[in-house]
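Let's take a friendly walk through a protein model, one feature at a time. Keep the 3D view open as you read.

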Amino acid sequence: MRRMLLLAAALLLAFAAPAAGQYTADSSIVIRSFDTELRVQPDGTVEVREKLRLKFTGEWRGILRDLALDHNTARGRRERLQIEIDGATDGRGEALRWQEDDAENSWARRMRIFIPRAHNAERTVVIRYRVRNAVRFYFAGDAMGDSRAAADFDELYWNSTGVSWDMPIERATARIVLPPGVRPLQWAGYAGPAGSTDRGVEVSVDSARGVVAFRAERPLGAFEGMTVAAGWPAGAIAMRPTEAEMRRAEAVRLWPLLLPILTFLLSLRAWRRRGRDPRAQSVVVGYEPPEGMTPAEVGTLIDHQAEMRDITSTLVDLAVRGYVGIEEQQEKKLLGLITSTEYVFHQRTPPGGR
């Protein structure tokens, strides 16, 4: 029994070896190079290829790659990127096993990539995926920071490394390849933590081939990344929407905001038709209760209470209809100085009744 317990403990220790993103005193990961290629297709899809050269110190099972889904459109609206993951391979093109795990937030997709023999060694991982809505579409007059767009153009603005790595990146490069025959109009690169405006990125442009290349001018520390951007004339993307289509799409997206107003208007209409109190009119005095009802029933319905006056009115009504006889009796007291009046009720059978 003791031998079985020792064997189970050994297995648990083996499976508890450092996993992706976990460090021990004698284990670490360094990204020696992070090379990204972004190919813009004529239909607007962007094919992404990430090639990572990793140096493993100690024993590891793989890495985690968080693909950010947070994206801002040309008009500053936040939307979720539509990413299709093709998979991961090693440096020789052999497929690597991977699985999708739950990310730390809902605006990311996490790939857990298993890398064999990641023990005191350097390994290459190639990740491929496609993004359907990464291209921004600008129209003349759209706000661009402190200025406005002078003409229609398209843009790819992309964080090529991500900022979720807790290990350094010694060298980061990226290249944006535009559709055939398209030349870039503008470009920019940024390096640093999320939101950084540091332009410590070297940019080279091959207009004839439609390629813009970027290289970070310094190594990137933990949770730092490189963002690249390139713009080109409108018309290269076949699925580019018109400005009217963009406005209609924006209106469709915002229509739920009209629900409270619509609910209020419909409620107001229903109240004005059936809920509001009737206008004040002249009151006609009624001395008789409605047919089929007694005075007590009417009085109780009016104020929702059965009061003494409702009971006395019922007695008078019974007397009028011949069911009860009311006899007034007076009695003199103290030599006729005080007179008291009492009423005696007699049960009767009305004419024609039983």
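## Two loop residues with positive phi

Phe223 is found in the loop that runs between strand E15 (211-216) and strand E16 (225-233). Keep in mind that this is a predicted model. Phe223 is not a glycine, yet its phi is positive, at about 65°. Is Phe223 buried, partly exposed or exposed? With a relative accessibility of 46%, Phe223 counts as partly exposed, because that label covers values between 20% and 50%.

His304 is another residue to look up. This residue sits in the loop between H4 and H5, and its phi, near 60°, is positive although His304 is not a glycine. His304 has a relative accessible area of 69%, so it is exposed, the cut-off being over 50%.

A pair of packed helices is described by the distance between the axes and the angle between them. The crossing of H4 and H5 is right-handed.

Now turn to the strands. Backbone hydrogen bonds are what pair the strands of a sheet, in either a parallel or an antiparallel way. In this model, 4 strands make an open sheet with antiparallel pairing, and their order is E8-E11-E16-E13. Which strands stand at the edges? They are strand E8 (135-138) and strand E13 (186-192); each has a single partner strand, so one side of each has no neighbour in the sheet. From one strand to the next, the twist averages 20°.

Zoom in on E8 and its partner, strand E11 (residues 153-159): the two run antiparallel and are joined by 4 bridges. Tyr138 stands opposite Phe153 in E11.

## A hairpin and a further partner

Strand E1 (residues 28-40) pairs with strand E2 (residues 46-68) over 12 bridges, in the antiparallel sense. Asp35 faces Lys51 of E2 across this pairing. Together E1 and E2 form a hairpin with 5 residues between them, and Gly44 in the turn has a positive phi of about 95°.

E2 also pairs with strand E7 (residues 108-131); these two run antiparallel, joined by 20 bridges. Here Asp66 stands opposite Arg110 in E7.

## Rings that meet rings

How many aromatic pairs does the model contain? The count is 2. Phe34 and Trp165 form an edge-to-face pair, with 6.1 Å from centre to centre and 70° between the planes. This pair links distant parts of the chain, 131 residues apart: Phe34 is in strand E1, while Trp165 is in the loop between E11 and strand E12 (172-177). Phe34 is buried, at 0% relative accessible area, and Trp165 also counts as buried, at 3% relative accessibility.

Tyr138 and Phe153 form a stacked pair, 4.7 Å centre to centre with 5° between the planes. Tyr138 lies in strand E8 and Phe153 in strand E11, so the pair ties together parts that are 15 residues apart in sequence. Both Tyr138 and Phe153 are buried.

## Charges over a ring

Finally, find Trp107. Arg78 lies over the face of Trp107, 3.8 Å from the ring centre. The charged end of Arg80 also sits over the ring of Trp107, at 4.5 Å from its centre.

Terms used:
Residues are numbered from 1 along each chain as its sequence is written. This is a predicted model: local features need pLDDT of at least 70, side-chain atom pairs count only at pLDDT 80 or more; totals for chains, interfaces and linings use all residues. Side-chain values use heavy atoms; hydrogens and water are left out. Two strands pair if DSSP finds at least two bridges between them. Axes are lines fitted to C-alpha atoms, for helices over the stretch in contact, and angles run from 0 to 180 degrees between N-to-C directions. Rings of Phe, Tyr and Trp (its six-membered ring) pair if their centres lie within 6.5 Å; planes under 30 degrees apart count as stacked, over 60 as edge-to-face and the rest as tilted. Buried means under 20% relative accessible area, exposed over 50%, partly exposed in between (1.4 Å probe, protein chains only). A charge sits over a ring if NZ of Lys or CZ of Arg is within 6 Å of the ring centre and within 35 degrees of the ring normal. A crossing is left-handed if the near helix is turned anticlockwise from the far one by less than a right angle, and right-handed if clockwise.
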